[in-house]
Amino acid sequence: MPITDLPILSMLRERMEWHQQRQRVLAENVANADTPNYHARDLTPPDFSHEMRVATLSLDRTSPLHITAQGGGGSAFAADGSGRYEIRPRGNSVTHEDEMLKVASNQMDYEAVTSLYTRSLALIKLAIGKA
């Protein structure tokens, strides 16, 4: 199996591709900010729940005095899925401020994922003695 087919690397690669596509969609939103009846679009993030369930390691309790692991592990924050958007009289729902915030956030997330990908490859090279 090639190194790039490792599950973590393929998930990072898919996430980078998603960020690239999202950047294109957000740029289209900004470009059509004055187009009548244009509605802002966004992409749904990729779902890695199956890969995470497969890759999850369970902790063994070797003593009854050990603390048990807490389940759930979710976030305390909920996503706002209300779909409330400001719509102008011409029917356009693009707000420059919102789109620029999304673009900046997308760029930071992309940089974080590329850094993780690069460092993962460097660690693998170090482990096999090619660094």
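Okay, housekeeping before we look. It's a predicted model, so local features need pLDDT of at least 70 and side-chain atom pairs count only at pLDDT 80 or more, while totals for chains, interfaces and linings use all residues. Numbering starts from 1 along each chain as its sequence is written, and side-chain values use heavy atoms, with hydrogens and water left out.

So, the overall layout. We have 3 helices and 0 strands, and from the N terminus the order is α-α-α. Helices here are DSSP runs of H or I, at least four residues, and strands are E runs of at least two, numbered from the N terminus. Of the 131 residues, 19% are buried, where buried means under 20% relative accessible area, exposed over 50%, and partly exposed in between, using a 1.4 Å probe and protein chains only. The accessible surface is about 10200 Å², with 58% of that on carbon and sulfur atoms; that's Shrake-Rupley with a 1.4 Å probe. On contacts (heavy atoms within 4.5 Å): among those between residues at least 6 apart in sequence, 72% join residues at least 24 apart.

Now the helix pair. How do α1 and α3 cross? Helix α1, residues 7–31, and helix α3, residues 96–127, have axes that come within 9 Å and cross at roughly 160 degrees. The axes are lines fitted to C-alpha atoms over the stretch in contact, and angles run from 0 to 180 degrees between N-to-C directions. α1 and α3 are therefore roughly antiparallel, the word for angles over 145 degrees. The residues of this contact divide into 14 nonpolar, 8 polar and 6 charged, with Asp, Glu, Lys and Arg as charged, Ala, Val, Leu, Ile, Met, Phe, Trp, Tyr, Cys and Pro as nonpolar, and the others, Gly among them, as polar.

Zoom in on α3, which holds both N106 and Q107. Buried or exposed, what is N106? N106 is buried, at 2% relative accessible area, and beyond residues up to four places away in sequence it touches W18, H19, R22, Q23 and L26. Q107 is partly exposed at 46%. Q107 and Q20 sit 87 residues apart in sequence, with their C-alphas 9.1 Å apart in space.

Last stop, N37, in the loop between α1 and α2 (49–55). Its phi is near 60 degrees, a positive value in a residue other than glycine. Most residues other than glycine have a negative phi. N37 counts as exposed, at 57% relative accessibility.

Notes:
Angles under 35 degrees count as roughly parallel, over 145 as roughly antiparallel, 65 to 115 as roughly perpendicular and the rest as oblique.
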